[in-house]
Amino acid sequence: MSAEEIMQKFQEAGYEVWVKEREAGVKNKVKRKSVWIKVDREKIRDAVEYLTELAEEYPHFSIISASDEGDEVELNYHFTLGYGKLLEEFVVTFKVALPKSDLKIKSITNLIPAAIFSEREMREMMGVEFEELPDKRHLFLTKDFPDGVYPWRRDETAPKETNKLYEGWKK
Amino acid sequence: MKYEVPIGPIHPALKEPIMLKFTLEGERIVDVDVIASQNHRGIEWIGMNRNNPVQSIYLSERICGICNFCHPACLVMAVEEAAGIESPERAEYIRVIQGELERIHSHLLWAGVAAHELGFDSLLHYVWMVREKVMDILELINGNRVTKAIIMYGGVRRDIKDEHIPKIKRMLDYYKQAFGKLAKLFLEDKTIKMRTREIGILPYEEAIKLATVGPTVRASGVKKDVRQDMPYFAYPDFEVKAITPDMLTGETIGDTYDRIIVRLLEVKQSIEIIEQALDEMPPGDILAEPKIIKLINQIKKAEGEAVARYEAPRGEDIHYVKLKSGFEYLYAWKVRAPTYINILSWRPMLLDMQIADIPIVAASIDPCLSCTNRVVIVRNNKEEILTADDLHRLSVKKTRRLLR
């Protein structure tokens, strides 16, 4: 299944989808494609299930990345599809926006077991609560890291004390 | 009776602080738990809050000393896509050569470590002696053996000059000769075969389910290689093919031995790629925008996001970057190193194995983790401290036992 087919299928299912391209190669020019899909947070499991259904091989889960967008936290679930074939792989990203007043989303570990590290990381770095996540320990931060401090946020919950460590730091 | 053996936070088989908790019944491993929170440096935080994008290149070089080209290359790829920067053709070729030189030295480093874990220290010293040749070339063309500071947004910082080429070719010839000997030492040796065949098996389905990457997944028979599937830089010109162990032995088991085969064959593949790249390298500029201030301003004005993927020696690196117009730092930056996802595969590999197999199996995914110390055994609620040497001795003992 190609990037365009995935785009079409998801569009038919009512998702907002766009495709980005980037050229690579010098003599043999190829296009590296990425598909971006906007997903409501209630639908994240449906979207992952649908993707698994469409993909010939089991979709390869890469990582969840996040950014703080003011009132919202945006999560990006990155998958890759079509591996094993020459020049046919592409990236599929599910974009999910969560309001800061209610940072909750269903865990996808029941569908993709490899997502567990990523969800644990997002939980501690961004303060997103993953429902039904089987393991809620810290992953990278220490056990005694204070509650309510989320290093990757850009609001009042970001760590402030750490900044003092760096002399000559501008802020 | 069950008891727990924590390995780490610091241990020689794991080159970075991480803790593994094993539950054992006698010598048999029945459960494995990974505790990663040992030393978090907050590199992404620094990139998002303190460094400008150019400084972040040098910072990302320090994510891993061995993959010191992969991470900056991946970051540069992401930022170039998000900001719409193109790099000259010659630079794309130099990037390929740098990447492959790094693969050679990284795989040889791993081969030495694997030999050491098995108690073959003469082989360790031989492999690392062989590795010095590529390190000399890295020093020659970069001025530094590690943290080479070669890549930049829109190109590379140093050219490969005409006088370098014969020296690089001489190195490649040396490796072609050495390859036969290395393959013989690693693949035909009876003891190495006994210690690695059918040890730490990762089946095909499990490898895919756990999203394993790099030589670890290829050794399980999955033909997955970013250079083949979604090539970047000048890689489409080379038509790289993913290497699986059946190319040599005709079968795929997915054990530690297969992971040795994949890495050895990849060294050979890298030599071929470098040879072709040197012959076909186009002339021209190496940097699109030599003025750094101008470059920083261009990135500062840019708006966009991108995911970049790079086939590092250990597997696939992924960097996600988001840029906001007027924002001085990277607005969002997420790094996923190959080991991040590969450590999940330790569990299926280690279940039902013996304590003495821990070092070689843990090392077989080539974890990018940092150095030495002790192990605590909690037995009947009493703590006994096993030093790294003790654990290493257990592994050597098993080799000796098999030799008899």
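Tutor: Helix 2 of chain A, residues 44–54, lies across strand 2, strand 4 and strand 5 of chain A. Its direction makes about 170 degrees with that of strand 5 of chain A. Helix 3 of chain A, residues 116–126, also packs on the sheet, where it touches strand 3 and strand 4 of chain A. Relative to strand 3 of chain A, helix 3 runs at about 10 degrees. This is a predicted model, and the angles given here are computed from it.

The sheet itself is open and has 5 strands in chain A, in the order 1-2-5-4-3, with mixed pairing. Strand 1 and strand 3 of chain A are the edge strands, each pairing on one side only. On average, and with direction ignored, neighbouring strands of the sheet are turned by 20 degrees against each other. Within the sheet, strand 4 and strand 5 of chain A run antiparallel and are joined by 10 bridges. One residue pair to look at is A:His78 with its bridge partner A:Thr93, the latter in strand 5 of chain A.

The strands of chain A also figure in the contact with chain B. That contact takes 42 residues from chain A and 39 residues from chain B. On the side of chain A that touches chain B, the elements giving two or more residues are strand 1 (16–24), strand 2 (30–38), strand 3 (60–69), strand 4 (72–81) and strand 5 (90–99) of chain A. Strand 3 of chain A gives the most, with 7 residues. Sorted by class, this side of chain A has 21 nonpolar, 13 polar and 8 charged residues.

As for confidence, the model scores ipTM 0.91 and pTM 0.88. Chain B has an average pLDDT of 85, and 91% of its residues score at least 70. Residues 369–385 of chain B have a pLDDT below 50, and this stretch has 39 contacts in the model beyond near neighbours in sequence.

B:Arg41 sits in the loop between strand 3 (28–35) and helix 1 (43–49) of chain B. B:Arg41 counts as exposed because it has 11 C-beta neighbours inside 10 Å, and the cut-off for exposed is 12 or fewer. From C-alpha to C-alpha, B:Arg41 and B:Lys193 are 39 Å apart in space, and they are 152 residues apart in sequence.

Methods. Residues are numbered from 1 along each chain as its sequence is written. Chains are lettered from A and ligands numbered from 1 in the order in which they are written. This is a predicted model: local features need pLDDT of at least 70, side-chain atom pairs count only at pLDDT 80 or more; totals for chains, interfaces and linings use all residues. Helices (H or I, at least four residues) and strands (E, at least two) are DSSP runs, numbered from the N terminus. A residue is buried if 20 or more other C-beta atoms lie within 10 Å of its own, exposed if 12 or fewer, and partly exposed in between; C-beta atoms are placed from the backbone. Two residues are in contact if their C-beta atoms, placed from the backbone, lie within 7 Å. Ala, Val, Leu, Ile, Met, Phe, Trp, Tyr, Cys and Pro count as nonpolar, Asp, Glu, Lys and Arg as charged, and the others, Gly among them, as polar. Two strands pair if DSSP finds at least two bridges between them. Axes are lines fitted to C-alpha atoms, for helices over the stretch in contact, and angles run from 0 to 180 degrees between N-to-C directions. pLDDT is the predictor's confidence in each residue, from 0 to 100.
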